[in-house]
Amino acid sequence: MHAIEARHDSLKTPEFVALARRHGVAIVIAGESKYPLVADLTASFVYARFMGTRPDVPLGCDDKALARWASYARR
């Protein structure tokens, strides 16, 4: 099992997603980060992580952000 994180906007393409899917490589869903969000499912598993947590907020993110990511996870 492999995962790759897209850290440049040039990777937000259908070709990149197709390549990852063809090889069964997950594209990391890096939430709340400065990196591009490529949320296509390309493998038999999902690798998701929060990056932009805030030290001044309990749990690192507010209720709105938590609800949004919980919704993504349910889908």
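**Exercise 1.** Decide whether Leu59 counts as buried or exposed in this predicted model.

*Solution.* The classes are set by relative accessible area with a 1.4 Å probe and protein chains only: buried means under 20%, exposed over 50%, and partly exposed in between. Leu59 has 74% relative accessibility and therefore counts as exposed. Its place is the loop between β4 and α2, where strands (E, at least two residues) and helices (H or I, at least four) are DSSP runs numbered from the N terminus. Together with Phe50 and Leu66, Leu59 makes a nonpolar surface patch of about 310 Å².

Residues are numbered from 1 along each chain as its sequence is written. Because the model is predicted, local features need pLDDT of at least 70 and side-chain atom pairs count only at pLDDT 80 or more, whereas totals for chains, interfaces and linings use all residues; side-chain values use heavy atoms, without hydrogens and water.

**Exercise 2.** Locate Thr13 and state which accessibility class it belongs to.

*Solution.* Thr13 lies in the loop between β1 (3–4) and α1 (14–22). With a relative accessible area of 24%, Thr13 is partly exposed. Ser44 stands 31 residues apart from Thr13 along the chain, and their C-alpha atoms are separated by 20 Å.

**Exercise 3.** Identify which elements each supply at least two residues of the lining of the largest pocket.

*Solution.* The elements are β3 (29–31), β4 (48–50) and α2 (63–74).

Definitions and conventions: Patches are made of residues with over 30% relative accessible area and no salt bridge: like charges are joined within 9 Å, nonpolar side chains (Val, Leu, Ile, Met, Phe, Trp, Tyr) within 5 Å. Accessible areas come from the Shrake-Rupley method with a 1.4 Å probe; for residues, only the protein chains shown count as cover. A salt bridge is a side-chain nitrogen of Lys or Arg within 4 Å of a carboxyl oxygen of Asp or Glu.
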